[in-house]
Amino acid sequence: MGQTISEKIISKHVGKKVFAGELVISDVDGAMASDTTGPLTIKAFHEMGGKKVFNPEKCALIIDHAAPSPNERIANLHKMMRDFAKEQGIRLFEIGEGICHQVMVENQYVKPGDIFIGADSHTPTYGALNAFACGVGSTDLAATMMTGKIWLKVPQTIKINCSGKLKEGVTAKDLILFLVGKVTVSGATYQAIEFSGEAFEGLSLASRMTIANMSSEMGAKTGIVHPKGLQLDYDFEAITPDEHANYVKVFDFDVSDLEPQVSAPESPDNVHNISAYEGTKIDYAFIGTCCNGRLEDLDIAAEILKGKKIHPDVRMVIAPASQSVLLDAMKNGSMSTLIEAGASLITSGCGPCVGTHQGVPADGEVVISAANRNFRGRMGNPNSNIYLGAPSTVAAAALEGYIVNPKKYLL
Amino acid sequence: MKATTIHAKAHVYGDHIDTDRIIPGKYTKTLDLSTLADHVLEDLDPNFNKIVQQGDILVAGINFGCGSSREQAPLALKQAGVSVVIAHDFARIFFRNAINIGLPVLEIADHNIQKGAELDIDLKAGIVKDLSANKVYSATKLPDIMIDILNEGGLVNYLTKHGNYSL
């Protein structure tokens, strides 16, 4: 019987051929927690009798969700993480080094074919690398850091096949928003997703990360992009599905005519063509996050805003996904272009996306964001509304003061 | 699992209750779990933390707990006194987290439990009696390892006792 990518990766780790539905205890290749989940992880690690993490080189802690610390309570939690990292000899990524998922990929904590467990729901982002990556909570992560293992039910897989190439001015974010709208926020619960087809083959690693990242917005355990066309700066063995692999569901879309997409409040699957929302006045534009804070995202925003000023009634916040992204955007000029256009640069990290600090919207305000979630209250104020779009859509809205199709700036 | 039978009142909400609604991100960065209870479900029902009684049952529709991986979500519910969550189905990370911290969760795809219903629950058997509507439901069986973790009161106790996972 043929195997899916997830079944193959898990089989390799447990030393026998396994299929969807089987319960396994698997070795993991890496584990990480952020400052939202890390402190509870450390507490649980001690409570369960943990002395040493299974392998300090395969564990990481990242201070990104509330970085730098906005108050003394969080400052003390950060200190707890620094102390634990030092005591265990594991690397702690400091404030500003970047968002957990970005730094895990940049620093090669995760590679193709790996099983990676992260205490953050967007851990499936590493599916861009042809890895099996799952989000868990703090206690699960503590157990993984202690034992080097995770228990898993081998997931069924949904195949999403997209034929056709995206039009000029339409990006990976538009594609994944479209797919979230079709599959819905619970359409892949407990299941893995395989993204395959021509539309994904030409995508950069950054764009593949945008795609895999929003697997969590469909409830998926993991979301893996078919490795065809994946280019990395090191050699790797690609894991591809067998021809007769068993899929619980197959979606086929021709995306060659896809238009820019927008997700309206207050669920990521409330997605329509941008034309449905054109003219919606916005107060606040945000580009950043593990979904869309990478160099190509800042570059496309800079292309739209070059030599222009954002609308006087709009404020714009930029949080690069990592320090390395920030440095690259400084070197190629995109960062100065954005700042000259009126954007405000904040520390690399999760910032406004999780509603802790660095840009909470006011009552009644409308946000256009390149993030992945628009649940009520997500950015810290339940009386504001969040629209999600591609970085190009966010930049065009910042310029005009309302939601507008960005294509006229990109053709 | 200490108490295996529960008799309490149901608080009923709808579909897709995400973790931001269970406990907003701005309150999650703490180890003082009592502060979580102060804000539990506040963007969904600002009265919830005033009306919830120790032992009460939370009932919801599909995809309960979607969104973030924050374990603070089931912790906030447990801390507020919720003894069990029943839903048509759960988002996967919330489901694992709840079991890991010893908060029982029952998946009942066809329940039609109404607000204020009196429920009798046999957790071990996964049987829910809706005394108000005179109906009996049975929950989807948990994987064996989850039953073992729940029986120990959570993953911390499970690993303290066993030292590692076993199937």
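Biologist: What should I know before I start?
Modeller: The model is predicted: local features need pLDDT of at least 70, side-chain atom pairs count only at pLDDT 80 or more, and totals for chains, interfaces and linings use all residues. Residues are numbered from 1 along each chain as its sequence is written, chains are lettered from A and ligands numbered from 1 in the order in which they are written, and side-chain values use heavy atoms, with hydrogens and water left out.

Biologist: OK, how many residues of chain B are in contact with chain A?
Modeller: 45 residues of chain B, and they touch 53 residues of chain A. Contact means heavy atoms within 4.5 Å.

Biologist: And what area is buried there?
Modeller: About 4100 Å². Carbon and sulfur atoms give 60% of that. Buried area is the accessible area (1.4 Å probe) that two parts lose on being put together, summed over both.

Biologist: How many salt bridges cross the interface?
Modeller: The rule finds 3. A salt bridge is a side-chain nitrogen of Lys or Arg within 4 Å of a carboxyl oxygen of Asp or Glu. A:Arg378 and B:Asp20 form a salt bridge through their side chains, at 3.2 Å, N to O.

Biologist: Which element of chain B gives the most to the side touching chain A?
Modeller: α5(B), with 6 residues. Helices here are DSSP runs (H or I, at least four residues), numbered from the N terminus.

Biologist: What classes of residue are on that side?
Modeller: 19 nonpolar, 15 polar and 11 charged. Ala, Val, Leu, Ile, Met, Phe, Trp, Tyr, Cys and Pro count as nonpolar, Asp, Glu, Lys and Arg as charged, and the others, Gly among them, as polar.

Biologist: New topic. How many cavities are there of 30 Å³ or more?
Modeller: The search of the whole structure finds 3. On a 1 Å grid over the protein atoms alone, a cavity is a set of points where a 1.4 Å probe fits but cannot get out; lining residues have an atom within 4 Å of a point. A volume is the space filled by probe spheres set on the points, which are joined across faces, edges and corners.

Biologist: How much space lies in the largest cavity?
Modeller: About 200 Å³. It has 23 lining residues, and among the closest to its centre are A:His65, A:Asp120 and A:Arg378. The lining divides into 6 nonpolar, 12 polar and 5 charged residues.

Conventions. Helices (H or I, at least four residues) and strands (E, at least two) are DSSP runs, numbered from the N terminus. On a 1 Å grid over the protein atoms alone, a cavity is a set of points where a 1.4 Å probe fits but cannot get out, and a pocket is an open set with protein on both sides within 12 Å along at least five of seven lines; lining residues have an atom within 4 Å of a point.
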